[in-house]
Amino acid sequence: MPLRSHLKRRQQNKYKHPSSMRLIVLGSSSAGNAYILRSSSGEMLLLECGVRSSELLRALDYNIQSLSGCLLSHEHGDHAREVRWITGRRIPLYCSKGTAQALRLEDDPMIRYVKSKTPFRVGSFSVLPFDVEHDAQEPIGYLVEHREMGRLLFITDSYLLRYKFPRVTHWLIECNYNGDIIKDRLNSGVLHPAQYKRTLKSHMSYEACRKTLLSSDLSSSRSILLIHLSEGNSDEQKCRDGIAEATGIPTDIASPGLSVEINKTPF
């Protein structure tokens with residue numbers, strides 16, 4: 001069953017989960033990417049900062065002090081658009097050294113370097129960064145853990161996931177394109193061969209996303225949110241229904257304005 005069907009039920013029974021994490025989607029496409037994790041205490045963690053600062057402010061209820069930090073995956077503009085706005089407000093920005101160099105932020109005092117497979121803490125969140133495969137200088141994915149939600153795996157802009165992570169409760173995983181659709185667009189001349197080749201070596205397909213999930217331990221998993229779908233190269237319904245059917249886990253597509261509770265226990 002899609003997450004939106006569960007959302008209405010959770011909103012009606014929101015007082016039954018006094019300690020719950022909320023995931024808010026601000027953007028999840030080439031136009032801009034950003035996600036907020038908000039705990040029951042009001043503490044927030046930002047994943048990516050690729051949407052306008054005005055949108056970030058509204059999503060934060062204009063309370064910048066509640067934001068413990070921002071995790072950045074790589075330097076491309078649809079993910080890193082507002083990095084200087086973030087650091088200019090003295091919010092710690094976590095990224096790899098390669099990403100900071102690509103953004104020319106090495107001297108910014110609010111940059112916090114992360115290293116693949118070296119854990120760290122941001123407020124009440126525990127974070128494990130890991131290297132991913134993308135055409136960026138040193139791209140990173142994140143496994144984020146919190147007592148209210150369990151473990152959330154965040155991987156975007158990577159054509160594969162090399163690691164296995166146990167006890168993942170929630171997945172934010174890229175499902176950028178469908179193989180048959182992108183091939184048809186290439187053969188019809190709509191898609192340039194160079195763009196076709198780049199997409200295959202920098203983004204995760206529906207087929208790779210499905211394989212990644214099915215080869216993972218899903219025994220603790222409660223939800224899957226498919227992110228960064230290509231507007232022209234993907235079929236939302238096929239992606240959502242196919243992943244949900246294959247895994248047996250509630251699956252939905254990340255879209256701006258989506259707000260869902262993500263807890264350790266089943267919905």
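Me: Contact means that heavy atoms lie within 4.5 Å of each other. Which residues does Leu67 touch, not counting residues up to four places away in sequence?

Reply: Leu67 touches Met44, Leu45, Leu46, Leu60 and Ile91. A word on the ground rules: this is a predicted model, in which local features need pLDDT of at least 70 and side-chain atom pairs count only at pLDDT 80 or more, while totals for chains, interfaces and linings use all residues. Residues are numbered from 1 along each chain as its sequence is written, and side-chain values use heavy atoms, with hydrogens and water left out.

Me: Why is Leu67 called buried?

Reply: Buried means under 20% relative accessible area, exposed means over 50%, and partly exposed is in between, using a 1.4 Å probe and protein chains only. Leu67 has 7% relative accessibility, so it counts as buried. Leu67 lies in strand E4, residues 67-71; strands (E, at least two residues) and helices (H or I, at least four) are DSSP runs numbered from the N terminus.

Me: What makes Gly50 buried, and which residues is it in contact with, leaving aside neighbours within four places in sequence?

Reply: Its relative accessible area is 1%, therefore Gly50 is buried. Gly50 sits in the loop between strand E3 (44-47) and helix H2 (53-59). Its contacts include Ala31, Gly32, Asn33, Gly77 and Asp78.

Me: Why is H8 called roughly parallel to H9?

Reply: Axes are lines fitted to C-alpha atoms, for helices over the stretch in contact, and angles run from 0 to 180 degrees between N-to-C directions. Angles under 35 degrees count as roughly parallel, over 145 as roughly antiparallel, 65 to 115 as roughly perpendicular and the rest as oblique. The axes of helix H8 (residues 206-214) and helix H9 (residues 236-247) come within 10 Å and cross at roughly 20 degrees. That makes H8 roughly parallel to H9. Residues of the contact include Tyr206 and Leu213 of H8 and Gly242 and Ile243 of H9.

Me: What makes H6 roughly antiparallel to H7?

Reply: Helix H6 (residues 179-187) and helix H7 (residues 193-200) pack at an angle of about 160 degrees, with their axes 10 Å apart. That makes H6 roughly antiparallel to H7. Ile182, Lys183 and Leu186 in H6 meet Pro193, Tyr196, Thr199 and Leu200 in H7.

Me: How confident is the predictor in this chain, by mean pLDDT?

Reply: pLDDT is the predictor's confidence in each residue, from 0 to 100. The chain has a mean pLDDT of 92, and 92% of its residues reach 70 or more. Over residues 1-17, though, the pLDDT is below 50. Where pLDDT is low, the predicted coordinates should not be read in detail.
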